[in-house]
Structures are given as structure tokens and as C-alpha cells.
Amino acid sequence: MAKFLVKLQRYFRRKPVRFFTLLALYLAAGSLVFLHSGFAGESTVTGNQRSTGTGEGPGLPYLGVMQLSRGFKAAATVPERGRRHGPWFKSTSKEPVERSKGGDYGSTRSRAIRSRSGREKEEDRARYIGCYVDNTRRRTLRGMSFFDYKKMTVFRCQDNCAERGYLYAGLEFGAECYCGHKIQASNTSESECNMECKGERSNTCGGVNRLSVYRLELAQESARRYGSAVFRGCFRQPDNVSIALPISQLMLNMSVDKCVDFCTEKEYPLSALAGTLCRCGFPTTLFTLHEREDEQLCAQRCAGEEFESCGTSEYLLVYQTQVQDNRCMDRRFLPTRAKQLVALASFPGAGNTWARHLIELATGFYTGSYYFDGSLYNKGFKGERDHWRSGRTICIKTHESGQKEIESFDSAILLIRNPYKALMAEFNRKYGGHIGFAAHAHWKGKDWPEFVANYAPWWATHTLDWLRYGKKVLVVHFEDLKRDLFVQLQRMVGLLGIAACEDRLLCVEGQKDGNFKRSGLRKLEYDPYTPEMRKTISGYIRTVDAALKLRNLSGVPDDYYPR
């Protein structure tokens with residue numbers, strides 16, 4: 001035996017490659033045997049067989065009711081082509097999760113039936129409940145909504161709706177997400193929900209006027225929340241209160257949460273507290289929310305919450321719920337080609353995208369653009385892809401100046417903003433995107449001084465050129481639009497030749513922020529403008545102010561000065 005081992009040793013010394021090859025084969029065979037023993041004899045994971053471990057995990061948001069299943073055994077049983085769902089849900093089903101077998105995976109119907117079977121049985125998931133009819137004028141789900149024509153997925157829609165406390169999430173047209181607390185339409189054939197998700201082609205995201213709807217089954221009833229309501233103020237009770245706020249409920253143990261939750265369940269955007277009576281409704285001409293009263297008039301203690309005010313029978317304390325007011329959410333292209341081209345002109349950073357959002361809600365028609373911005377199109381500005389001369393949009397966004405470009409339009413809304421704010425907004429957009437922020441290095445480096453030197457003169461010449469060459473120019477100051485949106489939006493819609501519906505404009509006031517509002521949390525801790533910059537910009541402000549007054553227009557707002 002010893003002689004054999006010596007000969008074998010000498011052999012492998014002369015042939016080292018063969019030795020290492022044999023060693024590799026031995027290790028590979030051992031690994032296969034080990035893996036096989038790990039999977040052999042595994043039982044099917046059922047709905048109530050859970051890992052006891054819970055936690056937040058690195059990079060995962062804690063939602064209060066989240067339970068994370070550790071290990072890959074349960075995940076291995078999820079259907080390969082099933083929909084993705086959030087990890088914060090708990091199914092009551094106790095049936096074992098099985099792989100779908102057989103079927104014609106190429107057909108829309110078989111794919112829908114197969115994925116539905118998997119969806120209804122999945123553990124820790126939202127429950128798919130069917131394909132439903134939707135209507136642009138009266139939505140099936142009337143809560144928050146958002147669009148993404150590039151990256152929409154089932155998980156993303158569910159995540160956004162669940163985070164805001166909604167009970168249902170619905171996907172439509174492959175890219176649109178709607179949330180709500182009630183389904184207010186009938187279901188239809190699964191084959192009509194046949195559009196792939198834009199960000200996840202293996203899954204279905206509704207169809208044309210068809211919603212793929214999920215019920216977000218929260219693990220604990222006590223964790224069901226309706227998001228944070230927005231305080232609107234103290235208001236005198238309207239004369240025809242039963243018409244202005246048609247739904248009411250007596251609550252002897254009244255609190256803000258109870259009234260907000262009640263109105264949210266009834267699918268109303270306004271919750272009004274009147275002592276022990278909770279009223280719900282919409283902002284209308286009978287109750288515009290334009291004339292606020294002193295909050296002390298509403299300072300009556302809630303019966304059910306010692307440190308809250310609940311209004312009185314004469315003065316209502318009003319909150320805006322998470323229910324979306326859909327009276328102004330329908331949008332479409334113009335039914336006939338526009339006879340005139342109307343520009344929505346502004347210097348970059350002056351709020352053009354926000355103004356487009358307001359105009360689309362107020363008129364019900366899409367706005368177009370002199371350019372093409374894919375990120376805006378993906379967020380719901382469908383007129384972005386149309387050629388600016390197509391005549392299908394109500395007005396055209398442009399930052400152009402110069403005689404030739406300006407004379408291409410028959411009329412214009414000229415949006416002007418404080419140059420100090422506009423320059424900073426455009427600098428943030430240039431280096432951080434539509435809702436991002438420029439990095440500290442850009443502000444402190446050479447980028448900011450060069451930007452101000454190039455763009456500050458353009459702020460002045462842009463306004464001067466439109467005043468000089470524009471055929472019919474309506475001047476709107478960004479600051480006035482923020483301060484008095486209703487009146488300024490009426491002026492803008494009037495120039496566009498659309499009869500302004502007051503109830504629709506009141507609806508816009510409740511949806512005014514849109515998807516491109518930059519958060520104010522990351523403000524600079526210092527003034528980026530040097531004395532030389534301020535001196536130069538002040539000169540441009542005086543020039544524009546004089547030009548406006550020369551045309552019998554109001555000059556720039558007072559908050560442009562002093563600087």
C-alpha cells in the first residue's frame with residue numbers, strides 16, 4: 001500500500017495538472033451532494049408557516065405592520081410570472097402556494113387566469129380582486145393618483161397607496177396608478193386588462209379604461225390609517241350648509257381623526273368639524289374656503305380629545321382629507337385643431353411646469369411644449385410628445401426669446417418670477433433634475449458664478465422681448481399666482497378661450513401642487529449671491545419694472561425689492 005501511494009505521489013508530481021483537475025472534480029461532486037441534501041424532503045410552505053423573525057432589515061422601510069419572511073424556501077414557491085407585491089401584507093388564506101402548471105402562456109386570457117390563481121394564494125401580499133371598468137369623468141378609485149409612463153410596476157403602485165393608508169390600489173393603461181377606499185364601478189372580463197406594465201413587462205397593469213385592482217390587506221386593523229389630513233382653516237358655516245356639505249354624522253365623542261376618517265370613508269375631500277357634528281363635502285361656490293376667520297372662533301375643545309379644537313355650530317374647522325377631488329382630473333387633447341397658437345412663455349425656473357399642471361386641471365386639456373422632455377411625459381404631460389404646431393394642445397410651453405420665435409405665436413401668457421428665486425430654481429434643475437437639488441460643490445465652485453453671469457441678463461431680455469414682439473400678451477407674476485391662485489387662473493383660462501367653471505377651479509386649488517414641486521427641506525444655509533451679483537440683478541429688475549409700467553401694466557411685485 002505504501003509503494004502504491006509513493007508511486008501515485010511521484011505520478012502527480014510529474015503531472016500536476018491532472019492532480020488539480022481530479023481535485024476540482026472531487027470538490028464539485030461534494031458540493032452537488034450537499035445541495036441535494038439541503039433540498040431533499042422539504043415540505044410545502046403553507047400560509048400559516050412563518051419564520052418567527054421579524055425586523056426592519058437594512059434598506060427596508062419599517063411600516064409598523066411589516067413582517068419579513070426570512071429564507072428563500074417560501075419565495076421559491078411563488079409563481080415565476082406572478083405579480084410582485086409589497087412585503088407588508090398578510091393573507092388569511094391557508095392554502096399551500098403552488099406553481100402554476102400547464103396552459104397556453106402566450107394568450108392573454110391564460111396568463112391572466114394563471115397569474116390570478118397565484119396572486120390569490122400568495123402569503124404576505126396584496127390580494128388581486130379583478131379587472132374593473134374605469135371612467136375618466138368619474139373614477140373607480142377616487143383617492144391619490146400618479147403616472148409614470150416609463151417605470152410603473154405593480155409593486156410601486158401598491159407601495160404608494162399602502163404608504164398613504166388606502167385600502168385599494170389599481171393600475172390602468174400600463175402606467176397609471178389610482179388609490180382609493182372604495183371601488184365605485186363594476187368588474188369586467190379579465191381579458192380586458194391586457195396591457196403590460198411599463199416598468200415590468202411580465203405583469204399586467206390594466207388596460208384602456210380598465211383597472212387591475214388589488215385590495216391592500218393590512219396585517220392589523222389598528223394600523224389602518226388614512227394619511228395626514230391638511231388643515232384648511234376656520235370658516236363661517238355657509239347658509240345652505242346641508243347642500244354645501246351634504247353628508248353629516250353626529251359624534252358625541254368627537255375628535256379630528258374621527259371626523260377625517262368618516263369623511264374619508266364616504267369619499268369626500270373636505271372634513272368639517274362643527275362641535276359634535278361632522279360634515280363632509282366638496283369645495284363649491286356655496287363653500288369656497290376663500291374667506292378664513294380667526295381660528296379662535298373655532299377653538300372649542302373636542303369632546304373626545306382634550307387637546308384638539310372641533311369648531312362650533314356657527315364656525316367650522318375644516319381639514320382636507322386624502323380623498324382626491326376628481327372633478328378636475330380628466331384631461332384630453334383638443335377635439336378639433338386649434339386655430340391659434342398660444343404660448344406659455346417664461347424664463348427657465350419661473351414655474352412653467354407648475355403653470356401647465358394648473359392649466360390642464362382647470363381646462364381639462366393637455367398642454368404642449370416647444371421641446372420634448374421625456375421625464376415630463378412620463379409623469380403625465382401627454383402633450384409633451386406632440387409637435388408644438390399640432391394644434392391638439394391648449395397652449396405651448398416655451399422658454400424661447402427673440403423676434404422670430406415670439407412672432408410664431410398668436411398670443412401668450414407671460415409668466416414672470418423673482419429673478420433671485422428663478423435663477424436658483426433653474427440651477428437646481430440643471431444639476432439636480434426637476435425636483436432635485438444642485439450639490440454643494442456646484443454652489444461653491446465656479447459653476448454658480450458662471451451660471452449667474454450667463455442667465456441673469458437672459459431673465460431681463462426674455463421679458464423685454466415678449467413685451468416688444470408678442471401680439472397679445474397676458475402678464476402673470478408667479479408670486480401673484482401662488483398668493484391668489486383662483487383669480488389669476490381665471491385670467492389665464494380666459495385668454496385661452498375656455499369658459500372657466502368655478503367648481504373646477506375650486507377643485508384645482510385642492511390639487512395645486514402636482515408632481516414637480518421641489519421640497520423646501522434642503523434650503524441653502526447661506527445667500528449664494530455676492531454683492532456684485534445683487535447689484536447687477538437689481539439693475540435688471542429696475543429695467544423690467546420700467547418696461548411693464550411703460551405698457552400700463554403693474555410693475556414687478558414688491559418682494560423683488562430690496563436685495
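What follows is a dialogue that moves from the whole chain to single residues.

Q: Before looking at any detail, how should I judge the confidence of the model, and where does pLDDT stay under 50?

A: The model is predicted, and pLDDT is the predictor's confidence in each residue, from 0 to 100. The protein chain averages a pLDDT of 79 here, and 75% of the residues score at least 70. Over residues 38-124 the pLDDT stays under 50, and the model has 134 contacts beyond four places in sequence for that stretch. Residues 219-226 also stay under 50, with 18 such contacts beyond four places in sequence.

Q: How many helices and strands does the protein chain have, and what percentage of its residues count as buried?

A: The secondary structure comes to 16 helices and 18 strands, and of the 563 residues in the chain, 47% count as buried. The accessible surface of the protein chain is about 29200 Å², with 50% of that area belonging to carbon and sulfur atoms. As for how the chain meets itself, take the contacts between residues at least 6 apart in sequence: 73% of them join residues at least 24 apart.

Q: How do I read a helix in terms of its surroundings; for instance, which residues of α14 are buried, and what do they pack against?

A: In α14, which spans residues 485-495, the buried residues are Leu485, Phe486, Gln488, Leu489, Met492, Val493 and Leu495. These buried residues pack against the strands β14 (342-346), β17 (411-416) and β18 (473-477), and also against the helices α7 (352-363), α13 (478-483) and α15 (502-510). Just after α14 comes Gly497, with a positive phi of about 80 degrees.

Q: Are Glu267 and Leu289 buried or exposed?

A: The cut-off for buried is under 20% relative accessible area. Glu267 counts as buried because its relative accessibility is 7%, and Leu289 counts as buried because its value is 9%.

Q: How do I read the surroundings of a loop residue such as Met254, and which residues does Met254 touch?

A: Met254 is found in the loop between β10 (247-250) and α6, and it is buried, with a relative accessible area of 0%. The C-alpha atoms of Met254 and Glu308 are separated by 9.7 Å, although the two residues are 54 residues apart along the chain. Not counting residues up to four places away in sequence, Met254 touches a set of residues that includes Cys259, Leu273, Cys278, Cys302, Glu305 and Cys310.

Q: Where is Arg327 found, and with which residues is Arg327 in contact?

A: Arg327 is found in the loop between β13 and β14, and it counts as partly exposed, at 27% relative accessibility. Arg327 and Arg138 are 189 residues apart in sequence, yet their C-alpha atoms are 7.9 Å apart in space. Leaving aside neighbours within four places in sequence, Arg327 is in contact with Phe282, Pro283, Thr284, Asp503, Arg504 and Cys507.

Q: How many cavities of 30 Å³ or more does the structure hold, and which residues line the second largest cavity?

A: The structure holds six cavities of 30 Å³ or more, and the second largest cavity has a volume of about 40 Å³. Its lining consists of Arg232, Pro269, Pro283, Gln320, Asp325, Cys507, Gly510 and Gln511, which divide into three nonpolar, three polar and two charged residues. Pro283 and Cys507, both in this lining, are also among the contacts of Arg327.

Definitions and conventions: Residues numbered from 1 in each chain as written. Predicted model: local features only at pLDDT ≥ 70, side-chain atom pairs only at ≥ 80, totals over all residues. Heavy atoms only, no water. Contact = heavy atoms within 4.5 Å. Helix = DSSP H or I, 4+ residues; strand = E, 2+ residues; numbered from the N terminus. Buried < 20%, exposed > 50% of the residue type's maximum accessible area, 1.4 Å probe, protein only. Areas by Shrake-Rupley, 256 points an atom, 1.4 Å probe, with all protein chains shown as cover. 1 Å grid on protein atoms, 1.4 Å probe; cavity = no way out; pocket = protein on both sides within 12 Å on 5 of 7 lines; lining within 4 Å. Points joined across faces, edges and corners; volume = space filled by probe spheres on them. Nonpolar A, V, L, I, M, F, W, Y, C, P; charged D, E, K, R; others polar.
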